[in-house]
Amino acid sequence: MNKIIEINGVTKEFEGFKLDNISFGLEKGYIMGFIGPNGAGKTTTIRLIMNLLKKDSGDIKIFGMDNSKDEVAIKDRIGFVYEESYFYEHLTVKKMKDIIAPFYSRWDDEKFDEYCSVFGLLPNKKIRDLSKGTKMKFSLAVALSHNAELLILDEPTSGLDPVFRDKLMDILREEIQDENKSILFSTHITSDLEKIADYITFINNGRIVFSDQKDVLLENYKIIKGDSGILTGEIKSELLGVKENRFGFEALCNVEKQNVFSQFEIVTEKPTLEQMMVYMQNK
Amino acid sequence: MKIIIKNSSPDPIYKQISDQLRGMMITGELKEGDALPSIRNLAKDLRISVITTKRSYEDLEREGFLETVGGKGTFVAHQNKEFIKEQKLKIIENRLSEAVDEAKMLGLKKSELREMLDALYEEVL
Amino acid sequence: MFKLIMADIKVLGNRIWQIPIGVFLFIFSFSFIPNLEEVYKIHHLIYSVLIPGLLTYELLRDEQKHGSESVFMTLPVCKKTCILGRYIVISLFCSLSIPVIYLSEYLHITMHAKESIIEFSRIGSISIGVLLVIYYTLPVYYYTKKLMRSMGASALFLTALLIITDILYSHSYRLSLDNNTLIWYFKFSGIIASLVLVLKVFEHFYKNIADRYTNDIIYTTIIFITIDRIAAFQNMLLNYISVNKYLEIFLKSEKHIGSYLLFTALSSKHGLDLIIVGISLLIVIFLLFVFHKNFNDKFNRNMILYILSPVILFHVFSFLISFHSMIFYYPGDEFYWNIHLLLIYMIFVVSIIVFIMISVRASIYLLKNDRRHS
């Protein structure tokens with residue numbers, strides 16, 4: 001079993017929103033960035049993976065097992081970090097840990113204490129008295145303390161400062177040194193993923209736009225900048241997204257189509273993930 | 001061992017790494033039998049994707065510069081350094097003769113060409 | 001399972017004290033209201049079920065606010081185990097009320113120097129009373145999210161209902177009317193009158209939310225009436241069967257020709273009553289169906305399934321027990337009477353627990369299948 005996550009043809013429909021034919025996979029030992037604008041369906045997809053929502057069709061396999069049939073065995077091996085703190089606010093850090101720990105078969109108390117001291121988590125503080133960043137650190141400590149093989153992080157860094165975000169990347173890099181672990185990281189802050197991700201899956205309006213190796217993606221597209229006069233209808237149709245203003249245009253272009261500009265004076269640049277997301281938003 | 005990645009470079013990252021590693025092996029900074037960091041370790045330290053480091057190592061392995069011993073790691077392969085150096089010198093010679101031809105067509109003097117060479121050496125470093 | 005129960009108890013721990021105090025206060029305070037003996041007889045059981053149920057809803061609402069239900073949903077636990085564990089904890093909470101009931105009863109006796117009035121044998125009407133109050137409290141609670149407000153609404157409704165039906169019954173006495181259907185009309189009018197009273201009071205005090213749950217309360221009323229009709233139908237059916245059974249007995253014994261004629265008349269009268277009740281039941285079910293179609297709200301759509309089902313369950317069980325005893329036993333058999341009582345009591349307890357289980361499950365179901373907005 002090489003693929004830790006295998007999603008095939010999954011659909012889920014709500015009032016006013018539809019997740020349509022979602023398919024992608026993640027192999028052992030890699031980090032996948034799951035990007036998309038707000039409301040694109042990232043959180044819904046993750047909830048479907050965790051079996052918090054029932055899918056309308058398709059199938060989801062985690063560790064090679066069906067995610068609804070072998071739910072318990074699967075969740076034992078997943079470390080889950082949620083967007084907002086979902087713990088009971090009136091309990092202390094220690095009490096919350098005491099509630100959660102017995103459910104995991106490979107819980108490591110020593111590891112948890114280690115993370116607590118590294119993160120500066122005081123065991124007797126009530127969860128409602130923790131700052132947002134500290135609550136996230138607690139979630140992270142819990143997710144990392146039961147020898148999970150798959151880490152799923154659902155927008156863990158929105159609203160956190162760059163210093164902590166950088167620290168989080170370091171921790172994730174350390175985790176991925178073990179090639180039996182994988183990480184699925186959902187966010188709309190693409191700069192975090194720019195360096196660390198191996199694979200990128202871009203979701204928009206409930207559909208997967210692309211799912212591929214990050215390097216391959218960034219090598220296959222270029223940002224083209226030039227004079228607006230160059231743009232004819234034909235050229236525009238070869239481009240993936242154009243922004244025009246008085247001073248010129250900026251567009252995303254597939255490397256294969258780059259030759260349409262061969263006779264013009266243009267500047268080409270490597271795109272960032274953010275630019276790719278912005279220009280591809282109409283796909 | 002020093003590897004620096006330039007974001008502004010047009011070369012993809014995996015190529016920058018394999019170029020720099022190759023360079024070190026040719027100059028002798030990396031000797032035969034030296035152990036290289038694992039792809040994951042390298043990825044962590046350079047803060048890049050493990051697929052990138054994997055690709056560089058694979059390219060270098062294919063060229064014969066590296067060899068992977070199962071379970072132990074990746075090492076600098078035994079190779080004929082002299083032969084490689086000769087290959088590289090040949091490439092440089094070809095490129096220089098191209099440059100000389102162009103210069104002659106333009107009517108450039110040797111001293112002017114030398115000035116250009118000096119300026120370029122200062123720049124690329 | 002044990003882990004879940006321990007977990008739930010740890011989470012709910014500091015709310016446990018609210019149950020005995022709440023139950024005690026309500027029961028005890030009602031004992032001071034004169035001429036409400038009938039009310040008092042069922043109130044204690046109503047609130048002993050209601051308060052823990054509402055506290056559970058409060059917990060679930062709190063969880064929904066913070067998304068804490070996700071805690072258990074992301075842990076390696078089977079969903080069914082999770083829900084079942086919660087039921088067990090809630091049942092434990094409910095059973096905490098029972099010693100409190102007895103304490104209140106003891107105080108009632110010593111203070112008013114009266115006989116003990118807790119009668120566990122009045123199971124049939126109690127289940128309806130309990131469910132009646134819960135059905136009126138739920139929509140108010142669902143929309144206003146305030147425990148006190150919902151309790152107030154249900155207390156007001158119940159009191160109004162009993163006072164109004166009391167007045168109506170005392171009038172029927174003077175008219176010497178003794179007709180099942182007529183008595184039911186009084187009940188029906190009493191319910192509508194009390195309902196209108198509660199709605200008017202609420203509209204006055206809470207103008208902005210009154211619209212939203214007016215529909216729900218009307219819907220709930222129809223559900224309640226359906227349940228009442230089901231209960232009535234069951235009673236009628238049993239009466240009809242028992243009368244026919246007596247007929248059978250008399251036919252076989254070939255005695256008491258006079259009684260034979262009486263029972264034949266009774267049989268046909270009961271037969272007619274049965275048909276009338278059956279028709280009213282069908283009408284109400286039709287109304288329910290029509291209303292059901294008009295609502296998009298998940299709360300209402302799930303009400304039918306999750307709330308009617310345990311009631312029907314209870315009535316089917318209860319009917320089967322009575323039917324069984326009627327067919328196989330003759331009146332005067334002491335032995336069967338005690339088992340009958342015990343069985344019915346057990347059915348009652350099981351049905352109420354099932355009701356709570358299903359309602360809690362309904363809320364978890366609703367929580368999980370709504371996309372989290374706001």
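Let's start inside chain A. Strand β8 (residues 182–187) of chain A has six of its six residues buried, so the rest of the structure largely encloses it. Buried here means that 20 or more other C-beta atoms, placed from the backbone, lie within 10 Å of the residue's own. Helices (H or I, at least four residues) and strands (E, at least two) are DSSP runs, numbered from the N terminus.

A word on what you are viewing: this is a predicted model, where local features need pLDDT of at least 70, side-chain atom pairs count only at pLDDT 80 or more, and totals for chains, interfaces and linings use all residues. Residues are numbered from 1 along each chain as its sequence is written, while chains are lettered from A and ligands numbered from 1 in the order in which they are written.

Back to the strand. In a regular strand, side chains alternate between the two faces of the sheet. Both faces of β8(A) are covered, with A:Ser182, A:Leu184 and A:Ser186 buried on one side and A:Ile183, A:Phe185 and A:Thr187 buried on the other. Its partners are β3 (residues 31–35) of chain A, running parallel to β8(A) and joined to it by five bridges, and β7 (residues 150–154) of chain A, also parallel and joined by five bridges. Strands pair if DSSP finds at least two bridges between them. A:Phe34 has A:Ser186 of β8(A) as its bridge partner, and A:Leu153 sits opposite A:Phe185.

Now hop over to chain B. Helices α1 (residues 13–27) and α3 (residues 50–63) of chain B pack at about 45 degrees, their axes 8 Å apart. Axes are lines fitted to C-alpha atoms, for helices over the stretch in contact, and angles run from 0 to 180 degrees between N-to-C directions. The residues of their contact divide into five nonpolar, four polar and three charged.

Finally, where do the chains touch? Residues are in contact if their C-beta atoms, placed from the backbone, lie within 7 Å.

| Contact | Residues from chain A | Residues from partner |
|---|---|---|
| A with B | 12 residues | 10 residues of chain B |
| A with C | 21 residues | 17 residues of chain C |

Helix α8 (residues 214–220) of chain A gives the most to the side touching chain B, with three residues. On the side of chain A touching chain C, the largest share, four residues, comes from α2(A).

Technical notes:
Nonpolar A, V, L, I, M, F, W, Y, C, P; charged D, E, K, R; others polar. Contact = placed C-beta atoms within 7 Å. Buried ≥ 20, exposed ≤ 12 C-beta atoms within 10 Å, placed from the backbone.
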